[in-house]
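The stops below can be taken in order.

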Amino acid sequence: MVDHGSRDHAQWSASATERNWQCSGALALTDGLPEKTSEAADWGTACHQIAEKSLREGLDPSDFIGKTEKGKVHEFEVDEEMAETAAEYVDYVRKAVIAAAPPKVNPASLLQIEQKFSLSALKPPFEAGGTADAVVYSPLEKQLEVIDLKGGRGHVVEVVGNPQLRTYALGAMLANSGLAVDTIKVTIVQPRAPHKSGRIRSETFHVADLVEWTADLVRAMQRAAKAIVDRPTMHSVVWEKEYLAAGDHCEFCKAAGFCPAIERKSLDMAGVWFDDLDQPRLSNSPDMLSPERAAQLLDAADMIGEYINAVRAYWHAQAEMGVEIPNYVLVEKIGRRKWKDTVKAEDVMAILENAGREGLAAWAPLKPASPAQVEKALGAKNKALIGDLVETPVTGTNLARADKTTRKAATPSVHKHFSILD
């Protein structure tokens, strides 16, 4: 099993399809730049690794709690949150495999785990491909399902028309060309990001639709290749206007820190203008933004980042004070499940013993078992026995888009003291 953090990515990777499609010059700007990562990205890598190990070795992600997993740079001790995130994906994959298996067919033969694929059959102008987390084949339905684990919390990923998932679907078709396939189902499992359609959401389309989409993909690749060829020969301003486009697809771009299109759009969106001395001025800063803070905003990228954070913090506080913001809602920030403060080890041990269990060795004085571990010991039929002993605390609030969350609106805390300069 390959360490996910050490993987090389194709020049046109599936994960970058949307960015390269929307911004034809992205590959030209990022060509030769080293891969970048973050703590959040490496957390997702570690989560994928325990998910893969669980599927390959018949384990449960909770078996990895307390063990160490490494991403590209950062290491993590697997905790309950990571294990539960991986478990939701692993459980879905296992159920999908069982559902796809006809009588007398070994379900394991219908599953491909971390299947690498190439798009070389399309004869693209550069290396193109990727790795699908899980691919399940249903012989009776003549359907391929591509299942993608998203470990992120902040960036909610849509499934309908998703270019990355379409690329995975195309790759799965090419990598499994001997199978009879009529339809393809693409599924996102994103346990840590609430979505109005649920944490697991899918889209199904006919192979003919994928063929039509593939023709558009090839044209997008050819345009990206032309941007690379034209860059040395065109005036920079003309080239940028022709090939660069800023938007949501820029979030993980390696060129985000110096891309002129992102800078220009950020300045426009933030209402930044330059005075006669060519100094940046902010025309629509939050009410509590001080002159001293504005004077520090010299570098455009840093300025916009700080400004957006200030706006979010300011209007979060205003929502706490009861101000209604169009299409935004204050929601509770939910913490991890934990034992109630009044619960003692003897209470849980009694439940385990009454359910026919001998107890858990994990109930050590310094490190008691988590609710998830006790539920696993009890089994599916008995896990509800500890329901009254567990609570899920509210740890604060978040300001969320009303059309992107399923959580109920929280009551504003009008007594909360807030300063945007804190």
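Select Glu240 to begin; this residue sits in helix H7, residues 236-243 (helices are DSSP runs of H or I with at least four residues, strands are runs of E with at least two, both numbered from the N terminus). Glu240 is buried, with a relative accessible area of 16%; buried means under 20% relative accessible area, exposed over 50% and partly exposed in between, with a 1.4 Å probe and protein chains only. Show what surrounds Glu240: beyond its neighbours within four places in sequence, the contacts are Pro260 and Arg264, where contact means heavy atoms within 4.5 Å.

This is a predicted model, in which local features need pLDDT of at least 70 and side-chain atom pairs count only at pLDDT 80 or more, while totals for chains, interfaces and linings use all residues. Residues are numbered from 1 along each chain as its sequence is written, and side-chain values use heavy atoms, with hydrogens and water left out.

Next, select Cys23, Cys250, Cys253, Cys259 and Ile262. Of the 14 residues lining the largest cavity, these lie nearest its centre. A cavity is a set of points on a 1 Å grid over the protein atoms alone where a 1.4 Å probe fits but cannot get out, and lining residues have an atom within 4 Å of a point. The volume of the largest cavity is about 70 Å³, taken as the space filled by probe spheres set on the points, which are joined across faces, edges and corners. Helix H2 (26-30) and helix H8 (260-270) each supply at least two residues of its lining.

Move to the largest nonpolar core, which has 59 residues; Trp12, Met82, Tyr89, Val93, Ile147, Ile184 and Val186 have the most contacts inside it. Such a core is a set of buried Ala, Val, Leu, Ile, Met, Phe, Trp, Tyr and Cys residues joined through side-chain atoms within 4.5 Å. H4 gives the largest share of this core, ten residues. A second, separate core of 14 residues includes Cys23, Tyr243, Ala255 and Cys259.

Finish at Leu399, in strand E14, residues 394-401. Is Leu399 buried or exposed? Leu399 is buried, at 14% relative accessible area. Leu330 is 69 residues away from Leu399 in sequence, yet the two C-alpha atoms are 4.7 Å apart. Leaving aside neighbours within four places in sequence, Leu399 is in contact with residues including Trp315, His316, Tyr328 and Leu330.

Key. On a 1 Å grid over the protein atoms alone, a cavity is a set of points where a 1.4 Å probe fits but cannot get out, and a pocket is an open set with protein on both sides within 12 Å along at least five of seven lines; lining residues have an atom within 4 Å of a point.
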